[in-house]
Amino acid sequence: MKYTRDPIMSPSQKVLDWLIDTVKSCHPHLAVDLGTGAGTSAETISRGSNLTITIENDKKFLLPENTEKVISIYAPLRPIDKGRLWYDKFVLSSFFKGLAKEIDFLWIDGPMRRYGREEALIFFKEYLKDGARVFLHDAQTEFRVAQEWQRQYQGQVIDLKVIRIGREDEGVVSFKFKNKKFLNPCFAEQVSIINNM
Ligand SMILES: C[S@@+](CC[C@H](N)C(=O)[O-])C[C@H]1O[C@@H](n2cnc3c(N)ncnc32)[C@H](O)[C@@H]1O
């Protein structure tokens, strides 16, 4: 399976190169890719994980077929509040039923930024393994989302990093999600910036 990146909507080749190194070093059992789009992130993640589930709201971007390594799910967008939209939670809950604390790698690059990505951790936190790695593409705009999660889930969003890759305006926010809360709230305050240009 090989997909061609969209020059505007897909992660840059440098980000995909970083992603393959990262996923290979984590070697997740179950990875989730939010925003299938052109399929390049799903394909990249699948090269280092046992199983990748990729979620898309637009039927035209569904992967042509499921394989042993990648499952493509259609979840249309539904209103949440204040004009924000997110994937249909009924569809996702039905699919992920029985998979509580099973996901160890979550890559967030969908839905399109204008719809909001704040719901991703709110929905997926119960499905994340203790210490799961979570990544948000588009660090410039999405860092505030991760900071809000850090505030909301104090002691659970830990090791928060902004990783700058390639162009100055492109990067990835990375953190680990703890299901068991740390007693020391200072953990929640830490943010490091890593240059990987
Ligand atoms: C940032 S894109 C996701 C990119 C995707 N992970 C990839 O590897 O191409 C977020 C969403 O934009 C939408 N989209 C609209 N036009 C697109 C295009 N030409 N290529 C990819 N995604 C597109 C899709 O619904 C997609 O889920």
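In which loop does Asp 138 lie? In this predicted model, Asp 138 is placed in the loop between strand 7 (128-137) and helix 5 (139-152). The backbone of Asp 138 adopts a positive phi of about 65 degrees, although the residue is not a glycine. Asp 138 counts as partly exposed because 19 C-beta neighbours fall inside 10 Å, whereas a buried residue requires 20 or more.

A positive phi also occurs at Asp 159, another residue other than glycine, with a value near 60 degrees. Asp 159 belongs to strand 8 (residues 157-165). With 15 C-beta neighbours inside 10 Å, Asp 159 is likewise classed as partly exposed. A further backbone feature is the cis peptide bond from Gly 110 to Pro 111, for which omega is near 0 degrees. Pro 111 is located in the loop between strand 6 (103-108) and helix 4 (119-124). Most residues other than glycine have a negative phi, and most peptide bonds are trans.

The overall fold was examined next. The protein contains five helices and 10 strands. Its C-alpha trace extends over about 45 × 40 × 35 Å along the principal axes. The radius of gyration is 16 Å, which agrees with the value near 16 Å that a compact globule of 197 residues would have. Of the 197 residues, 36% are buried. Among contacts between residues at least 6 apart in sequence, 64% link residues separated by at least 24 positions.

The largest nonpolar core comprises 40 residues, of which Leu 106, Trp 107, Phe 135 and Leu 136 touch the most other members. In soluble globular proteins, nonpolar side chains tend to be buried together. When residues up to four places away in sequence are not counted, the contacts of Trp 107 are Ala 31, Asp 33, Leu 34, Ser 41, Ile 45 and Phe 135.

Leu 92 was considered as an example of a buried helical position. This residue lies in helix 3 (residues 89-96) and is buried, since 20 other C-beta atoms are found within 10 Å. Apart from neighbours within four places in sequence, Leu 92 is in contact with Ala 75, Tyr 87 and Phe 123. The C-alpha atoms of Leu 92 and Ile 73 are 8.6 Å apart, and these two residues are separated by 19 residues in sequence.

Asn 179 counts as partly exposed, because 14 C-beta neighbours lie inside 10 Å. With residues up to four places away in sequence set aside, Asn 179 touches Lys 101 and Asp 130. From Asn 179 to Asp 81 the C-alpha to C-alpha distance is 27 Å, at a sequence separation of 98 residues.

The ligand is surrounded by 20 residues, the closest being Asp 6, Ser 10, Gly 35, Gly 37 and Ala 38. By residue class, the shell around the ligand consists of nine polar, six nonpolar and five charged residues.

Terms used
Residues numbered from 1 in each chain as written. Predicted model: local features only at pLDDT ≥ 70, side-chain atom pairs only at ≥ 80, totals over all residues. Near = placed C-beta within 6 Å. Nonpolar A, V, L, I, M, F, W, Y, C, P; charged D, E, K, R; others polar. Core = buried A, V, L, I, M, F, W, Y, C linked by C-beta atoms within 7 Å. Buried ≥ 20, exposed ≤ 12 C-beta atoms within 10 Å, placed from the backbone. Contact = placed C-beta atoms within 7 Å. Helix = DSSP H or I, 4+ residues; strand = E, 2+ residues; numbered from the N terminus. Rg over C-alpha atoms; globule rule 2.2 N^0.38 Å.
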